[in-house]
Amino acid sequence: MDKFRIGGGRALRGTVMVSGAKNAALPCLAAALLTSDEVEIAGTPRVRDIVTMEKVLAALGESCTHAGSVTRIVSGHTGTFHAPYELVRTMRASVLVLGPLLARRGRARVALPGGCAIGARPVDLHMLALEQLGATLRVEHGDIVAEAPRGLHGADITFSKVTVTGTENVLMAAVLARGRSVLRRCAREPEVTDLAELLLAMGARIDGVGTDTLEVEGVDALRGARHTVIPDRIEAGTYAIAGALCGDPVTVAGCRPDHLGALLETLRAAGVEPEVTASSITVRRPARLRSVSVTTTEHPGFATDLQAQTVALMTQAEGVAEITEAIFESRFQHALELMRLGARIEVSGRTARVTGPTPLTGATVMASDLRASAALVLAGLVAEGETVVDRIYHLDRGYEAMEGKLNALGASIERFNPGPFV
Ligand code: UD1
């Protein structure tokens, strides 16, 4: 199993380029199931979740090829409709094929995603909304079995909770449903908007893009399209936080600062003075970092996917920061690992109280999920001595070439694999 060995305490200087957004590319790849024409998605990062989605599409008869960051999906014109558990269990977002399969092939069998390191993550809202569009759904032998033999029809749907992939799944089903759908209380994350832009280019009729109410007029068929996904705001935010911890300075380039409003506000409150252009953020470590309390919420609020990295940042800030996680119920596994490095954190319910600044010292820590891993790497950058981050495969799901990008800024991160028995 790969690990990172990080030599801490170095200043970071230079420019880091952000990759395309994994969470935008995933639904865009799934949207290729909605047409028999070719779909080309540019900006797909070469990370494991994208490879998994390509495997899911291949299992469904599609042919995916990629050259650099461009993925081309050509329909295999098959009626295959089964996304197997071996793939879904490695990536919950595989469930994004459910809506497109139902809409275009009239049925879907998609393994029900199981447990998750960051708390209960059901897909009941995806299923309820697809039922409202006329599908019948049941769980059988661990799979969601969905059928719409006479096709889907439009419906007025209100999500009882804001869900990102739920909105995406149902939107992809509604664009080919008969008649008009109104989807209310939709997620407004930039990745949802990006998917809607692709669907519009494919010939879908959607009003209200970017708002929480999407009005969809179903069409009979969609055509192929070429689309470039938005830059990864979570990757950009992670490197901006690295800049706040040890930037001298760090410029995060090729990003969309307008997608990072809540983080920029937090950095400013912490005494960091980010310099922002239309496509870059330059951050340097201030003489004194101040604690800031943050509560994660849906976009445009503070992203839960930047919560762990913010906890790492607050270990170096003066005062007490209360970081409250309002989206997922148990997303603080990084706190215990950060404490192994010397951080002072008390977790109570959904809030982590971080008292800083504490000098961190290197140790071996264990990554538990994608963003928790990023927080441990950030802490390793400021810890004195050597930090080993185990289970780096979590990071590889979503960060393209993280060690290469950080090393180019002056970090010392070595990937190593001690072999199967260590
Ligand atoms: C997406 C992102 C993930 C991010 C999350 C929240 C992708 C591939 N992943 O995940 O990185 O952390 O949004 O911004 O885009 N819920 C239900 N029932 C459902 C669906 C969701 O109760 O059917 C709950 C979840 O348990 C959670 C909340 O709703 O508490 C939000 O989850 P959701 O927005 O669906 O997260 P994902 O789309 O899985």
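How far does a polar side-chain atom of Asp305 lie from an oxygen atom of the ligand? The distance is 2.6 Å.

## Basis of the model

This is a predicted model, in which local features need pLDDT of at least 70, side-chain atom pairs count only at pLDDT 80 or more, and totals for chains, interfaces and linings use all residues. Residues are numbered from 1 along each chain as its sequence is written, and side-chain values use heavy atoms, with hydrogens and water left out.

## Ligand surroundings

The ligand is surrounded by 19 residues, each with a heavy atom within 4 Å of it. The closest are Asp124, Thr163, Thr165, Asp305 and Ile327. A polar side-chain atom of Thr165 lies 2.6 Å from a ligand oxygen atom, and a backbone N or O atom of Pro122 lies 3.2 Å from an oxygen atom of the ligand; a polar contact with the ligand is a pair of N or O atoms within 3.5 Å.

On its own, the ligand has 740 Å² of accessible area, of which the protein covers 88% (Shrake-Rupley method, 1.4 Å probe). Helix H5 (124-132) gives the most to the shell, with three residues; helices are DSSP runs (H or I) of at least four residues.

## Domains

The protein is divided into domain 1 (3-18 + 231-416) and domain 2 (22-228), with bounds from an automatic or database domain assignment. Their C-alpha centres lie 31 Å apart. The contact (heavy atoms within 4.5 Å) takes 22 residues from domain 1 and 17 residues from domain 2. Each domain also supplies at least three residues to the shell around the ligand.

Terms used:
A polar contact is a pair of N or O atoms within 3.5 Å; within protein, one must be able to donate a hydrogen and the other to accept it, and residues adjacent in sequence count only if both atoms are side-chain atoms. Helices (H or I, at least four residues) and strands (E, at least two) are DSSP runs, numbered from the N terminus.
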